Amino acid sequence: MGAGSRAERTTTVVGGRPVLMLVVATIGFGLNFWAWSLLSPLAPALARDLGLSAFEKSLVVAVPVVVGSLGRIPIGALTDRFGGHRMFPLVSLATIVPVLFLGFAGDTSLVALLAGGFVLGIGGTVFAVGMPFVNAWFPPHRRGLANGIYGVGMGGTAVGALTTVALVDLWGTPTPFLVTAVCLAVYALIATLVLRDPPGGTTQAEPFTHRLRTALRMPVTWQASALYALAFGGYVAFSVYLPAYLESAYALAEADAASRMAGFVVVAVVMRPVGGWLSDRLGPVSVYSASMAVVAAGAVVQSFTPPLMPLGTVAFLVMATGFGLGTGAVFTLVPLLTPPERVGGVTGVVGAAGGLGGFVPPLVMGAVYGRLGSYAVGLIALAVVAAAMVGFTLTTVQRGVRAHRTPNHRDLDGRFARPTGPRFRRGGRAHHRRQYLRARRKGTPP
């Protein structure tokens, strides 16, 4: 039996340790995402002060996204190699450097902003640290909910939206960056003292290139990448570009636009564990398909730029709900179709696809608005892509899930297969049901 199986076996007997690891990992995710998104709430003010065009403003907020996305590929492989207990404090400490640079010297020119934002992308790579770390601490039938709870850390962008502009107004531009840097330093110390990899788990000594090639050859990598590029990419795109959109389309003040963006983020964050929980029970294919149908409907409504209250607000919150449910569903699918020792590598590639999915839309929206003075084309494109992804999920992804199902084992779409075999035929229906429910409670094959 492999190391991943031993890790799964031990998580059922170590009391509250998995919960503690999940809480500390989630806090680390949130703090690093807070740092990763610091430029977004300040983009309108920076654009005015430096005379940036709509495209340049979009580029400033998009550069950390693309770097944080591509960086997840090596960081995921390094997490498989060295363990999450080492990588969490390392990534947090590395993120402090660009945070301090941007706070004290990075707002002087477009070049400085882009350079600082490029390195700030390190904060976005933390996602690929936590997913394999959390998966290793929880048994398969609880991973959907656990991954969803870890995903709440993406609410760090809401913290940035709610606090950054206010802190700048009160005490000057360096303040939010200094506060974030101090929080990251404290967290790195706590993570070093508290985090541990699961008992019985082992690190992998394979070269990075071999791990990456193996991950890229797995069908689940490409399927989940496509799903996550839309679900998480859509969330990231709106969380970084929504203040600029609201300022242009509805003439909102900076603080008001940032607060509404925070509301969008909060809804998406709350829905992510709900998506994982539902996927554990209904299957990730069903949950993801429904979530993208919801996104398509909200995008169509918003393409007409309806009055912000109430219809526009409802449309955005509907899309936030769909993105949140969809992200929770994807990372219920990944560990169910991926060997435990490969979760980090696959997560890195899938996470990169999700971040890159958030890189393109802000640039497109900025360019379209600069030429046409309207965001309708971009929103209609989102609706079309979401509808296409529903069809892809119900066909290609569903076939892949069915191919991995085996009798007497937990279905890989998150549900139990009907138990079969001689011991389930003895004793009639009541005996069958008792055995089935006992196996379901334990989270093991009957």
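User: What makes Arg-260 and Asp-256 a salt bridge?

Analyst: The term requires a side-chain nitrogen of Lys or Arg within 4 Å of a carboxyl oxygen of Asp or Glu. In this predicted model, the N to O distance between the side chains of Arg-260 and Asp-256 is 3.2 Å, so the pair meets the definition. Residues are numbered from 1 along each chain as its sequence is written. Side-chain values use heavy atoms, without hydrogens and water, and side-chain atom pairs count only at pLDDT 80 or more, while local features need at least 70 and totals for chains, interfaces and linings use all residues; pLDDT is the predictor's confidence in each residue, from 0 to 100.

User: Why are Arg-260 and Asp-256 separated by about one helical turn?

Analyst: Because they are 4 residues apart in helix H14 (residues 254-282), where a helix is a DSSP run of H or I with at least four residues, numbered from the N terminus.

User: Why is Arg-260 called partly exposed?

Analyst: Buried means under 20% relative accessible area, exposed over 50%, and partly exposed in between (1.4 Å probe, protein chains only). Arg-260 has 30% and Asp-256 has 31%, so both count as partly exposed.

User: Which residue forms a salt bridge with Arg-48?

Analyst: Arg-48 pairs with Glu-247, their closest N and O atoms being 3.5 Å apart. This pair links distant parts of the chain, helix H3 (residues 39-50) and helix H13, 199 residues apart.

User: Is Arg-48 buried or exposed?

Analyst: Its relative accessible area is 51%, so Arg-48 is exposed, whereas Glu-247, at 24%, is partly exposed.

Key. Helices (H or I, at least four residues) and strands (E, at least two) are DSSP runs, numbered from the N terminus.
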